[in-house]
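Reader: I would like a close look at one part of this model. Please take me through the pockets and the strands beside them.

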Amino acid sequence: MAMVEIKDIKKTYHQGNVTVEALRGIDLTVDTGAFVALAGPSGSGKTTLLNIMGGLDLPDSGIVIVDNNEFSRMTQADLAALRLHKIGFVFQAYNLIPVLSAIENVEYVMLLQGVPATERHDRATAILDDVGLEGKYNRRPAELSGGQQQRVAVARAIVSGPAIVLADEPTANLDSKTGEGLLLMMKKMNKEKQVTFIFSTHDSMVIDYARRLVTIKDGRIVNDETK
Amino acid sequence: MSMELKMAWRNIWRNPRRTGLTISAVAFASLILVFMLSFQFGCYETMINTSVKISTGHLQVQAKGYLEDKKMRQVIRDPDQVATRLDTVKGIDAYTFRANGFALVSSDQRTYGVVVTGIDPLGEAHVSTIQSLVRTGRYLTANDAYAALIGAPLAKNLKVDINDEVTLLGQGRDGSIAAAVLTIKGIFDSGMDAMDRNVIMMDLQGFQDIFSMGKTVHEIIIIADALGDVSRVQQDIRDQLSGKREDTDLAVLDWMDILPGLLQGIQMDLVSGIIMYIILIIVVAFSIFNTFLMAIFERTREFGVMMAIGTRPSRMATLVMIESVCMTLVGIVAGIIIGSLLTLYFQQHGIYIAGTEDILKQYGIPDRLYPRLSLISASAGPLVVFLITFVSSVFPALKIRKLNPVEAMNHV
């Protein structure tokens with residue numbers, strides 16, 4: 001069953017007088033429970049594609065369907081609700097809310113979902129334990145290492161029970177050991193909870209862990225292989 | 001504490017120096033407003049009490065229409081009966097009777113048209129400050145039926161002094177000629193030019209004889225226990241006088257009816273003060289506006305992330321508004337507390353304005369001015385600060401609603 005269906009999407013950016021064709025007609029289908037890496041050089045369109053899949057950006061043309069929701073028919077508010085309930089994001093720069101502790105960052109998404117306080121706390125504690133952050137619940141992002149922050153970011157992305165997690169170069173700022181630990185953790189969640197993971201990366205380790213590798217170059221898919 | 005309130009509070013203190021300065025600006029504006037409004041209200045109360053005690057009283061009972069026409073025939077027929085009713089009203093400090101007539105007053109050299117006011121010297125001393133305003137000679141006594149007090153400019157114009165005689169020539173209540181010779185016993189200076197140039201005071205009984213008034217008077221002058229009680233006392237007197245047939249032609253007027261010029265002067269002063277306060281508040285509002293614009297600019301990336309994880313823009317705008325409210329409230333509470341303490345100190349000790357004591361004393365005004373802290377003076381200014389700073393934070397909050405998550409997350 002398809003979690004993501006993308007049909008002939010195109011996206012052009014205007015930077016001053018320069019027009020950049022970020023995506024030049026992408027067709028892609030990702031099944032539920034997949035663990036996919038989008039690889040390609042910088043500027044190839046990976047992040048743009050990820051943003052469009054996450055409803056953060058809209059294509060100039062083409063169709064995007066995520067978990068049976070077609071984006072062109074949705075308002076900004078609908079897209080925000082979809083991101084809240086169905087999509088988890090992990091960013092290269094962690095992007096935690098700096099004034100909230102680790103557990104509050106994780107709880108925040110559930111707060112938006114309207115989960116009761118006690119349940120929020122219990123689920124946040126459990127997921128932080130799962131990602132190896134026992135005893136560090138009350139630390140603010142500035143008091144955590146890069147790897148620990150990214151673990152909090154992963155916990156925040158999956159605590160809401162999303163159908164899909166979109167990770168934009170999640171290991172780029174981590175050392176290889178920390179990065180591998182994170183990948184193992186996400187792989188485990190993918191296996192146990194059937195959460196679909198799509199990474200944009202040019203990290204060979206991520207590519208090795210992925211079960212499917214989609215290579216993008218100059219806004220087009222140039223290779224799509226399942227391992 | 002809710003998560004949003006916690007986030008708002010922590011966000012405020014991300015830049016403690018900037019927040020401290022903004023809160024200080026709000027606190028300072030609130031402090032100034034509390035103190036200055038209290039000072040203005042205190043001064044107004046002093047002005048009103050001084051003015052009413054020189055001439056009008058807080059309240060007057062008159063025949064209906066007398067205020068407009070000042071016709072001799074419009075009298076209170078039975079002032080003693082009205083007095084009996086006044087004795088039952090709580091909140092009255094003192095009252096006295098007066099009667100007024102127009103007359104030509106002549107000295108050896110000159111003649112002027114004046115208002116002759118008949119006063120009860122004993123009663124008047126409890127109601128007005130006229131006794132203390134006598135600069136030369138002495139105040140009237142109960143035996144001074146044909147003695148007079150005269151304003152200093154009028155005495156100068158008539159070229160008369162203490163114990164000189166002046167001749168009155170006017171018309172009595174019944175149309176007869178009212179004529180008498182009065183001896184100047186005192187010269188007063190109230191500081192109110194119209195009164196000092198145009199009024200001669202004499203004993204009420206003498207006045208009633210000369211002007212054929214019988215036992216009638218024109219005004220009952222009433223001083224309430226406090227300025228704040230005037231409205232209630234006025235209503236109580238009306239209630240006492242209503243329904244009695246002989247009293248239905250009486251009007252109960254307060255100082256605002258009798259001295260509309262004083263009220264207008266206070267209103268004008270208040271308006272000019274308010275303009276200054278609004279300028280002060282706008283300066284503070286710009287400070288808040290700048291703080292939040294900078295905060296939003298600095299946190300654009302964070303807002304992008306919050307949108308990415310599903311936060312609605314309206315929720316982020318609400319968060320910023322909560323931050324604004326928290327910051328403003330801290331400043332306002334601090335300003336109200338410090339401003340109130342400062343006001344209470346000067347309310348006890350007064351503010352002495354060097355070099356003015358002689359002038360103030362001359363007009364019956366104390367040489368120290370006292371601010372008057374009230375619920376209105378302590379809350380009105382800070383409330384306006386709160387509203388305007390709240391409005392000034394709306395624009396930055398609205399900017400959040402227009403953010404695009406991808407552009408916001410790429411913001412450096």
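Author: The model is predicted. Chain B has a mean pLDDT of 89, and 96% of its residues reach 70 or more. For the complex, the predictor gives an ipTM of 0.88 and a pTM of 0.74.

The second largest pocket has a volume of about 580 Å³. It is lined by 24 residues, and Ser55(B), Thr56(B), Lys70(B), Val199(B) and Glu219(B) are the closest to its centre. By class, the lining holds twelve nonpolar, seven polar and five charged residues. Helix α8(B) gives the largest share, four residues. Among the other elements of chain B that each supply at least two are α2, β1 and α3, as well as strands β2, β3 and β8.

β2(B) and β3(B) pair in the antiparallel sense over nine bridges. They form a hairpin with four residues between them. Leu104(B) has Gly113(B) in β3(B) as its bridge partner. On to β8(B): it runs parallel to β3(B), joined by five bridges. There, Val116(B) stands opposite Ile200(B) of β8(B).

Now the largest pocket. Its volume is about 750 Å³. The lining counts 33 residues, with Thr47(A), Thr48(A), Asn51(A), Asp168(A) and Asn410(B) nearest the centre. Helix α1(A) supplies the largest share, five residues. From chain B, α18 supplies at least two. The lining divides into 14 nonpolar, 13 polar and six charged residues.

Conventions
Residues numbered from 1 in each chain as written. Chains lettered and ligands numbered in written order. Predicted model: local features only at pLDDT ≥ 70, side-chain atom pairs only at ≥ 80, totals over all residues. Heavy atoms only, no water. Pairing = 2+ DSSP bridges. pLDDT = per-residue confidence, 0-100. 1 Å grid on protein atoms, 1.4 Å probe; cavity = no way out; pocket = protein on both sides within 12 Å on 5 of 7 lines; lining within 4 Å. Points joined across faces, edges and corners; volume = space filled by probe spheres on them. Nonpolar A, V, L, I, M, F, W, Y, C, P; charged D, E, K, R; others polar.
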